[in-house]
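Have the model open and follow along.

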Amino acid sequence: MSINDCYNIEDFRKLAKKKLPSPIFHYIDGGADDETTLKRNTESFAKCDLIPNILSSVGEPDLSVNVFGQKIDMPLFLSPTAMQRLYHHDGDKASARAAEKFGTFYSMSTMATSSIEEISSISDGPKLFQLYIHKDQALTDNLIDRCKSSGFKGLCLTVDTVVAGNRERDHRTGFTTPPRLTLKSLMSFAAHPTWTLNYLTHEKFKLANVAHFTKNGSSIAKGVMEYINEQYDPAMSWKDAEYCVKRWKGPFALKGLMSVEDAKKAVDIGASAIMLSNHGGRQLDGSRSPFDQLPAIVDAVGGKIEIIVDGGIRRGTHVLKALAMGATACSFGKGFLFALSAGGQKGVEMVLQRMRDEIRRDMILMGCKSIKDLDPGKIIYRQVSEQQGITLQ
């Protein structure tokens, strides 16, 4: 199987599994505890159906949306994901260049393996930075100020990772950051010599944005999970979020927010967007899926704040369903990381092209000329009675 045989995200996933050492693949693919939420994120989209209109003279549909103060060419962008250097030696640079080609947002994690300044120098596309509240406020301030001077268009504060989730797959596979040879991982690294050679002969693994503040996560002695548990402030509060909004003074989102109450507070503190997310099912297992929670959030704050659905996106129809229910845009992480692992920048470009093609084709089939034509009338839920085994509509 080659990258040219990848026609959807599942194909990219299968190729990534072949190319990556087992600990690295399962770090992308896995979730917390029993992975109930991980599975539910995608399964939730199957609970409803799209209702198309025919003979609508669509022509070429307009896929653009406005989010974070920017017009982007498609209603899907790259979620912030850490340590992309693990999946391909070009890491964030490949993702940023690919996103720029498709006129959509690249999002950088605090725990990226390229720096804010490096990415700014190689990409003129719209860029979003994902922030954590650190115990050392100087580090948080430093990241915000560097994003300002480097031309990043938006900031999002991740609020669901004050402590690392229990990712049992990582314990079983022997995953560490940076990767190191253990009894559990040795055979897998040996069985993937191309990945191992590229990893060893290219730029050394480091958390480029915070390496000057701490060695945690940048040396074998300290891993990223230790970095999260030692450096992120578990006492983070709404005051911290409001402080970041005021210091940034630009488009700002809270990422990892799920409750109606919290959505209303996000509006109150001056956030311009919320990213409905459960961290890809990697934090609190048993939590609700973003798509399932979307209707309640739209009812509470729709029209007052931008709403981004982040979690479980695998198809263009998933994006259309979220938009029809009131989302401003969608973002995905695992989907493009599989593609990055499978083929670097070319892989990310291919998965963006596949998703764009799906969204465009599905818009035409739906009879929608623009994203604005997608509304709740284009979608209907099915209620399934497990007791009686029947479907009610």
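In helix H13 (residues 290-301), the buried residues are Pro290, Phe291, Asp292, Gln293, Leu294, Ile297, Ala300 and Val301; buried means under 20% relative accessible area and exposed over 50%, with partly exposed in between (1.4 Å probe, protein chains only). This is a predicted model, where local features need pLDDT of at least 70, side-chain atom pairs count only at pLDDT 80 or more, and totals for chains, interfaces and linings use all residues. Residues are numbered from 1 along each chain as its sequence is written, and side-chain values use heavy atoms, leaving out hydrogens and water.

- Helices (H or I, at least four residues) and strands (E, at least two) are DSSP runs, numbered from the N terminus.
- Just after H13, Gly303 has a positive phi of about 90°.
- Helix H11 (residues 238-248) buries Ala241, Cys244, Val245 and Trp248.
- These four lie on the same side of H11 because they cover an arc of only 100° around the axis, taken from the directions from the helix axis to the C-beta atoms.
- Lys239 and Lys246 are exposed on the other side of H11.
- Strand E6 (127-131), helix H6 (137-149), strand E7 (154-158) and strand E8 (252-257) are what the buried residues of H11 pack against, with contact meaning heavy atoms within 4.5 Å.
- Lys249 follows H11 and has a positive phi, near 60°.

**The largest nonpolar core**

- Ile274 and Phe332 touch the most other members of this 115-residue core, a set of buried Ala, Val, Leu, Ile, Met, Phe, Trp, Tyr and Cys residues joined through side-chain atoms within 4.5 Å.
- Helix H15 (residues 334-366) supplies the largest share of the core, 14 residues.
- Leaving aside residues up to four places away in sequence, Phe332 touches residues including Ile9, Leu76, Asp310 and Met355.
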